[in-house]
Protein chains: 2
Amino acid sequence: MKMSKAYIPTLKETPSEAEVVSHKLMLRAGMMRKLSSGIYTYLPLGQKVIQKIEEIVREEMNREGAQELLLPALQPAELWQESERWNDYGPELMRLQDRHDRDFCLGPTHEEVITDLVRDEVRSYKDLPLNLYQVQTKFRDEIRPRFGVLRGREFIMKDGYSFDVDEAGLEENYQKMFDAYDRIFDRCGLDFRPVVADNGAIGGSESHEFMVLADSGEDTVVFCSECDYAANLELAVSDVKFVIGDEEKAEIEKVETPGVDTIESLAKFLDFPESKLIKTLAYQTEDGYVLALVRGDYQLNEIKLRNLLGAPNLEMADGEELLDDTGVVTGFAGPIETSGEVKVVADPSVMEVVNGVTGANEADYHYVNVNAKRDFDVDEIADIREIKEEESCIYCGGDLTLTKGIEVGQVFKLGTKYSEALGATYLDNNGKAQPMVMGCYGIGITRTVAAAIEQNHDEYGIIWPAAIAPYEVSLLTLGDGEVLETGQELYQNLKSAGIDVLFDERKERAGVKFNDADLIGASVRITIGSRSLAEGKVEVKVRSTGDDFNIKVDNVIDKVAELLNELD
Amino acid sequence: MKMSKAYIPTLKETPSEAEVVSHKLMLRAGMMRKLSSGIYTYLPLGQKVIQKIEEIVREEMNREGAQELLLPALQPAELWQESERWNDYGPELMRLQDRHDRDFCLGPTHEEVITDLVRDEVRSYKDLPLNLYQVQTKFRDEIRPRFGVLRGREFIMKDGYSFDVDEAGLEENYQKMFDAYDRIFDRCGLDFRPVVADNGAIGGSESHEFMVLADSGEDTVVFCSECDYAANLELAVSDVKFVIGDEEKAEIEKVETPGVDTIESLAKFLDFPESKLIKTLAYQTEDGYVLALVRGDYQLNEIKLRNLLGAPNLEMADGEELLDDTGVVTGFAGPIETSGEVKVVADPSVMEVVNGVTGANEADYHYVNVNAKRDFDVDEIADIREIKEEESCIYCGGDLTLTKGIEVGQVFKLGTKYSEALGATYLDNNGKAQPMVMGCYGIGITRTVAAAIEQNHDEYGIIWPAAIAPYEVSLLTLGDGEVLETGQELYQNLKSAGIDVLFDERKERAGVKFNDADLIGASVRITIGSRSLAEGKVEVKVRSTGDDFNIKVDNVIDKVAELLNELD
């Protein structure tokens, strides 16, 4: 493609709407434009990257025997009522009525539709397993769309669903999809980690997220420096042995702590280390109140607590209602002298605190010299803390590292949640109806574009992994006459060699062309200038390493092919 | 793909919901399933055909320098209010509100969104021309969805838009797209005609529809047997010279015709040929009433009348309101003795009638011996009739033929309608703002799938043109042991030769396999049976012609390649 004809409206200035670097660069490189909040047009350059990723996804899905289909975006409300998600999904589900006042939604995901399809078609265990996927536009009415396509309202996903006769079959399909995802993100040239993930509201028994490592990621990934262990911080565990100190237990004592209602101010006020404080957080669940205790130098992990309690709708409790029901005073909360029904869950870190501090459930007062079991009862001891950097791996004892990541894919053992709700059964070899065992598998295509940029850029622009670069080569001519003629010829030859090249033959200053090339981020830049051309040479420069070479015109194709091969 | 693993749920029975053959066969061949009225899931077989067509479309669009992008499906109401289509489009436009109560619609077409994009990006005549397209899901809330994907509510389209500095530029882009469409439908292996078409409500100066010829088509296509002339019946003209007869004009006379209010019954009652009757139809426009007159043996063409009057909202007028305003009596309407403001438009066929018959604007009465000009005034004489088979071409005098067609594509000179409404201007070389001159170009991708089937099928199933067949070859094994082993080997060899093959290795009866192969309609069927295999041979059969060959196993690949080559 010639730059003078290409619709690549690059921008010098960063639009004020953009917060993160991928959003800024996608706008500046002319990859996309905003139509409405969280809704983007993908311009030709963006569309090319999307299609390259889609192609890789399709190849690897097909390789594992998954079959592509296309489900509708418009979904009748009845199906979502059957699964009970019509109400549960909340305002993120975009709803509309047709001209006959029938309710529909725009699919944010397709468990209902695919389960409905399969329940009508699959009769026997002989028709299973099945693994079906699609690449499609999804809709989700985010309360606060931001970060460009990282959190949009209309976005492209690959979503796939497997159907098996039993857990063993699911395990097999799950592993196939896990392997396919591994190859997909590897082929996309991304530095990523599959991590153990929370099942979230969707239910199911096992899940992995595929995280692209990038400082700007919203998620935190924990991984072991020695073994394969990796998990989302939400679920990560570590090998800390808590040992009860040998200090003698002192008499419990109530002390006045006026206005001191944070861990930091309390530690300072009492001149205690944070590890002596016991943090008490109050929650409400459908089954009643819960006090969650962690040591003051740890953070509570709400996901772990939610999963422990089996309480998807965990909510923090505070204020007068909490006080009336339990005697717990917000800001000075503690497990001592509560009333009513309160379940106390303590992290193991709390159990080893000798002569610690808790709130006294009375404004401006704390207890000191508190000891678990002696001074308050604990209903359950469980890991409910967020782990910290440099704790040890429970599998191998290696050091754990925390890093930021962007979720680009997730594999999920759904089990029978949807097949039971929608009656998707098959007849087993005894002729008995059994619910199909399902898995679901998603990749955020547009999200992967943004994650690739978050991971691969510098101050000048994008540095695409070669496999997903919109163009492999930027060819620049600085001047006309022989320079332009050589450019034209090289352009044709590169195309004939099957190399995807953007030919910047515009009458623009060298600086403009260099800036645009850096911004767009093709893997290799070829620059033809009159001075080196006088010696029969052109410059070949690698975008990612900055390595540059003066190459004879006749040898350029070979050199570029070699460099692209190395980059792949 | 192996049939035992493929998700191709063929059906023996035709589902009752299907009326037309493409709908029946797409369901029976396991290409698609209905989710809701006019909303379909494309199963793997359907998706494969869609993708093959999309690939051809993309190649030919790119060849003409059109650039692919992807516009959002969710479109803010504001843009449609700017173009005034938010109200004009009516209930076919699917509307919804987001969580902040902002109005959106689901794009049935993208003139507004693309014009909005380009008006923000294009500044100068140097940035033009531009030709942008996308392949995308569209939404249209049809009042009566039917005929499967021929009239659906969610469907896939390629829509493209060109932007030029002037009409000459538009003409050039229009011609490029016309040529691309010609190649696209040709490569799809379809028998089609580009025909002159009506511009419809969308406005603009010139348009062609691409019609796939098929008896089941909803449109009628007129074409000349000698020259290239072809038009939608809505617009077709012919070379009929109407000559005033030499019969002497007789005295006008009012006759009683009790209850005789149709042309047929009137001709019979009076024993007059229909060519002596003058049909009078009353219409209301924004500019007042119009009486349209055609000779009794012709049909009025409302599109021609609408275009003549420049009245997009032409509506038939009748009953008491018509009577009160104009004195015209429904069922006995005529141009004589009208009152108020009525414009009379007569087809040339009417002017040659000597001593004809018209309604008397009085219930149960007609006038006979009526002569135009003598007995009533005509405000305008213009071609407003539907042409008939075997009239002559106005360009070459050749015979005209009428045939049925299915519209699969349309190219359209939009002009400045949208660029003026949305202020999409460029600065010309004098620095003066000018509206861009637009064209738009659509192809119904899913519609093309159905049209291909309407044109290419027999009582047993689909007969795909080779280029868009979901599989080029169906390979059947009738038996196991050596038959199955030979099948496995041939399957691998066909795949290695780059041939798209569906291998039916199921343990099913021969009849089931033959039926499924005919239904699915791969271009070539290879059957391996034990008897001919004993002689080292297999059967190779062409789906479209029925030609079959007994071929040595070693020569099968060559033979199949040769046959596919011939079919392409």
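Start by selecting domain 1 of chain A and domain 3 of chain A: their C-alpha centres lie 39 Å apart. Domain 1 covers 21-237 + 402-453, domain 2 covers 253-381, and domain 3 covers 471-567; these bounds come from an automatic or database domain assignment.

Before going further, a word on what is on screen. This is a predicted model, where local features need pLDDT of at least 70, side-chain atom pairs count only at pLDDT 80 or more, and totals for chains, interfaces and linings use all residues. Residues are numbered from 1 along each chain as its sequence is written, chains are lettered from A and ligands numbered from 1 in the order in which they are written, and side-chain values use heavy atoms, with hydrogens and water left out.

**Stop 1**

The area buried between domain 1 of chain A and domain 3 of chain A is about 510 Å², and carbon and sulfur atoms give 62% of that. Buried area here is the accessible area (1.4 Å probe) that two parts lose on being put together, summed over both.

Now pick Asp500(A) and Lys48(A). Their side chains form a salt bridge, with N to O at 3.0 Å. The term stands for a side-chain nitrogen of Lys or Arg within 4 Å of a carboxyl oxygen of Asp or Glu. Across the interface of domain 1 and domain 3 of chain A, the rule finds two salt bridges.

Next, colour α1 (21-28) and α2 (44-63) of chain A: each supplies at least two residues of the side of domain 1 that touches domain 3. Helices are DSSP runs (H or I, at least four residues), as are strands (E, at least two), numbered from the N terminus. The largest share of that side of domain 1, three residues, comes from α2(A).

**Stop 2: chain A against chain B**

Zoom out and show both chains. Here 53 residues of chain A are in contact with 53 residues of chain B, contact meaning heavy atoms within 4.5 Å. How much area is buried between chain A and chain B? About 4,500 Å², of which carbon and sulfur atoms give 61%.

Select Arg153(B) and Asp98(A) to see a salt bridge between their side chains, 2.9 Å from N to O. The count between chain A and chain B is four salt bridges, and there are 20 residue pairs in polar contact across this interface (both at pLDDT 80 or more). Helix α5 (residues 111-121) of chain A gives the largest share of the side of chain A that touches chain B, five residues. By type, the residues of that side divide into 31 nonpolar, seven polar and 15 charged. In this count Ala, Val, Leu, Ile, Met, Phe, Trp, Tyr, Cys and Pro are nonpolar, Asp, Glu, Lys and Arg are charged, and the others, Gly among them, are polar.

**Stop 3: salt bridges inside chain A**

Over all chains, the structure holds 81 salt bridges. Go to Arg187(A) and Glu60(A), whose side chains meet in one at 2.8 Å, N to O. This pair links distant parts of the chain: Arg187(A) is in helix α6 (residues 167-187) of chain A and Glu60(A) in helix α2 of chain A, 127 residues apart. Arg187(A) is partly exposed, with a relative accessible area of 32%, whereas Glu60(A) is buried at 2%. Buried means under 20% relative accessible area, exposed over 50%, and partly exposed in between (1.4 Å probe, protein chains only).

Next, select Arg119(A) and Glu82(A), a salt bridge with the closest N and O atoms 2.9 Å apart. Arg119(A) sits in helix α5 of chain A and Glu82(A) in helix α3 (residues 77-82) of chain A, 37 residues apart. Is Arg119(A) buried or exposed? Arg119(A) counts as buried, at 17% relative accessibility, while Glu82(A) is partly exposed at 35%.

**Last stop: Lys276(B)**

Finally, move to chain B and find Lys276(B), in the loop between α7 (263-270) and β14 (278-285). Lys276(B) counts as buried, at 18% relative accessibility. Leaving aside neighbours within four places in sequence, Lys276(B) is in contact with Glu247(B), Val353(B), Val354(B), Asn355(B), Gly356(B) and Val357(B).

Technical notes: A polar contact is a pair of N or O atoms within 3.5 Å; within protein, one must be able to donate a hydrogen and the other to accept it, and residues adjacent in sequence count only if both atoms are side-chain atoms.
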